Amino acid sequence: MKISNVEAFAIRIPRETGQELREGGPGARGGVSAEPGVSSPYFIPEARHAFKSDMHETLVVRVTTDDGLVGYGEGQSPISPDTTGTIVEDLCRPVLIGADPHDVEFLWQRLFDGMRERGHPTGFYVDALAACDIALWDLKGKALDLPVHKLLGGRFRDRVEIYSGCAGRDPATAADRAERLVAEGYRGLKLSPARDRKGTVAIAAAVRERVGPDVAVMVDVHTEFDVAEAIRLGRELEALDVYWLEAPTLPEDLAGHAAVTRALDMHVANGEWYRTRFEIKEAFDRRTCDVVMPDIGRTGLTEGKRIAVLAETYNIPVSPHIGGGGLLSIAATIQLSAAIPNFLVMEHGHESYPTRCRYALEAPQPTGGAFPVTDRTGLGVRIDEKALEGFSTPLQ
């Protein structure tokens, strides 16, 4: 069996009505705006420093073998999936065509080494590798008639516990959403609240009061705080029994993250920006977090498993990040979460999940605050190829 084709699909799916405001869409625009005469779906919201898109965007890869088997993967690309797709077609495809798809780890290493000396050990290039890597694991599982979690080492659990993001930039809205999510069965909620310390605490306090003491509440501040202010925030959140403070300061500031982690009794979580074990090792050495959050849509399954093993040697639990990831990234994350001993809880977007499933014939469905672990082959997803191709449109 040999790989006969590798295709990249830059996916753009319109968000559901009202979802734009919840996730920082057009109604929340501000800050950076396009120059006159320049059209772009990307913008920086007034209350954030990261680019956003009007649509759910990601990069899907389809790998086909000479005997007709097909595997799907995803490289998380909430911004400019065309860039990731070009890398797949120009650099990954020539290496993969004619290769044995069972040689997953060898192919990851060959591709990674291909741009190491060129100065691209992270970023869009590794996102492209992740998409190809996940597709190869899906393909291998289908070829062997096994779920990917069996190939990764075996099932440690029958349910992958999840928490849901809980949007809301004011206390009342956030508390109302939290109440609805708890009614759906979630026992963990993550807030992405106001940019300032007092506003963040007010939202967390309103949610805690509404959901009571038995629901885990986490707070993600998206690297917006300096070290001193993050520590002040963390101490106030500790009084509300908030479980973790996520991404408290700049990703590059390892010393700052370590200082926040040392200063607080609550957990500090970070790591969504790391794509390889080489990047993350120094962060572990310096103890920059209590919980690590690799994003499988950025690491792929091969490197994601290696990061989880490395985390275990430091006694650090793994809570996989999803963020802008789509259906295939989510499915791959479920497989990894089932197959590692140090799994803690997985991120999920309850309100946005139907949008991310719009090119699926069959997709994992959460129940009671968890994804069941099944024995469906590969990633456990069936793709509607016509829908996939229909959502794959070039950037105008």
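Tutor: Start with R157, which lies in the loop between α5 (148-151) and β6 (159-166). Helices (H or I, at least four residues) and strands (E, at least two) are DSSP runs, numbered from the N terminus. This is a predicted model: local features need pLDDT of at least 70, side-chain atom pairs count only at pLDDT 80 or more, and totals for chains, interfaces and linings use all residues. Residues are numbered from 1 along each chain as its sequence is written, and side-chain values use heavy atoms, leaving out hydrogens and water.

Student: Which backbone oxygen does the side chain of R157 reach at 2.5 Å?

Tutor: That of S337. The side chain of R157 also reaches the backbone oxygen of I340, at 2.9 Å.

Student: How do I read aromatic pairs?

Tutor: Rings of Phe, Tyr and Trp (its six-membered ring) pair if their centres lie within 6.5 Å; planes under 30 degrees apart count as stacked, over 60 as edge-to-face and the rest as tilted. The count here comes to seven aromatic pairs. In one of them, W108 and F112, the centres are 4.8 Å apart and the planes at 15 degrees, so the pair is stacked.

Student: Where do W108 and F112 sit in the chain?

Tutor: Both are in helix α3 (residues 104-116), four residues apart, so about one helical turn separates them. F112 also stacks with F278, with centres 5.8 Å apart and planes at 15 degrees. That pair links distant parts of the chain, since F278 is in helix α10 (residues 277-285), 166 residues from F112. W108, F112 and F278 form one aromatic cluster.

Definitions and conventions:
Polar contact = N/O pair within 3.5 Å; in protein donor to acceptor, adjacent residues only side chain to side chain.
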